[in-house]
Structures are given as structure tokens and as C-alpha cells.
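I opened my notebook for a first walk through this fold. Here is what I looked up, entry by entry.

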Amino acid sequence: MTDRGLLTMDLTCPEGHVVGQLIQNIGHQSLGIQVPDSTREEWPRGGDKMFTYLTCPGCDRRVYGSTDSIRERATWLSESESEWQGRYSLRYIEDGLA
Ligand SMILES: [Zn+2]
């Protein structure tokens, strides 16, 4: 594996605002999440077992995404040869949390 440094994946709201960013050191399994105005935490965080919930600073609305889907996307990205930056679109909570 080549040393490409950091892999980053923007988590965005449906409007395209960046809500947070997943960060992975290439070659490491552990992921971190960076939320604006907050310190980086390990991801999934304690409450992110099923869904990852964040607040969009642009719309001031709660958004969420499936933790498994986000992880799959991040894994795909980390195994991709050509891309190491991506984005994942989260959904507004009121748009359908079953
Ligand atoms: Zn937004």
C-alpha cells in the first residue's frame, strides 16, 4: 500500500453543506470524525451504532445516515486506487426515520 496520507470523506446535508468529515489515516482501520467547531473524535461515536446523527450548521437541521452505509462508502474509498476524497449525503431526520 502506498503512503497517501489521509483519506477524507465529506458528510453533507441534502443541500450540500458540509456537516462533518470522516478522516482515515491510510493503512489504519480506525476512522475519525471532524465536526466544525469540535475536536476530532473516533467514529462511530458512542451513539452511532445504527445511525450517525449530526446537525447541519448551514440549515440548522438534524441529519442522519446509516452508520453501516457510511462505513461501506469509506471502505470503498480506502480501497480505491484513484480516489481518496469523497462525499456522502445524509438525510434530514424528518424526511423519514422509520
Ligand atoms: Zn445544510
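Predicted model: local features only at pLDDT ≥ 70, side-chain atom pairs only at ≥ 80, totals over all residues.

Which residues of H1 are buried? I noted Ile-70, Ala-74 and Ser-78. These three lie on the same side of H1, because they cover an arc of only 75° around the axis. I then asked what covers the buried residues of H1. The cover includes S1, S2, S3, S5, S6 and strand S7, which spans residues 85-89.

**Helix H1, length and placement.** I checked the helix for its span: H1 has 13 residues and reaches 18 Å from its first C-alpha to its last, close to the 18 Å expected at 1.5 Å a residue. H1 takes in residues 67-79 and lies across S5 and S6, running at about 65° to S6.

**The three-stranded sheet.** Next I traced the open sheet that includes S6: its three strands come in the order S5-S6-S8, and the pairing is antiparallel. Which strands are at the edges? They are S5 (51-55) and S8 (91-92), each of which pairs on one side only. Between S6 (residues 62-66) and S8 I found two bridges, in the antiparallel sense. For a landmark I wrote down Tyr-64, which stands opposite Arg-91 in S8.

**The nonpolar core.** I moved on to the largest nonpolar core, which has 14 residues. Leu-11, Val-19, Leu-22 and Leu-90 touch the most other members. At least two residues of this core come from each of S1 (6-12), S2 (18-25), S3 and H1. As a reminder to myself, nonpolar side chains tend to be buried together in soluble globular proteins. I looked at Leu-11 in detail and left out residues up to four places away in sequence: Leu-11 touches Val-19, Gly-20, Gln-21, Leu-22, Leu-54, Tyr-88 and Leu-90.

The peptide bond from Trp-43 to Pro-44 turned out to be cis, with omega near 0°. Pro-44 belongs to the loop between strand S4 (41-43) and S5.

Asp-37 is not a glycine, yet its phi is positive, about 65°. I placed Asp-37 in the loop between strand S3 (31-34) and S4. Is Asp-37 buried or exposed? I put it down as exposed, because it has 5 C-beta neighbours inside 10 Å, and a residue with 12 or fewer falls in that class.

Asp-60 also went on my list, as a residue other than glycine with a positive phi, near 60°. Asp-60 sits in the loop between S5 and S6. With 7 C-beta neighbours inside 10 Å, Asp-60 is therefore exposed.

**Asn-25.** My last entry is for Asn-25, a residue of strand S2. Why does Asn-25 count as partly exposed? I found 15 C-beta neighbours inside 10 Å, so Asn-25 gets that label.

Notes
Residues numbered from 1 in each chain as written. Pairing = 2+ DSSP bridges. Helix = DSSP H or I, 4+ residues; strand = E, 2+ residues; numbered from the N terminus. Contact = placed C-beta atoms within 7 Å. Axes fitted to C-alpha atoms, helices over the stretch in contact; angles between N-to-C directions. Buried ≥ 20, exposed ≤ 12 C-beta atoms within 10 Å, placed from the backbone. Core = buried A, V, L, I, M, F, W, Y, C linked by C-beta atoms within 7 Å. Expected span 1.5 Å × (residues − 1). Arc of directions from axis to C-beta.
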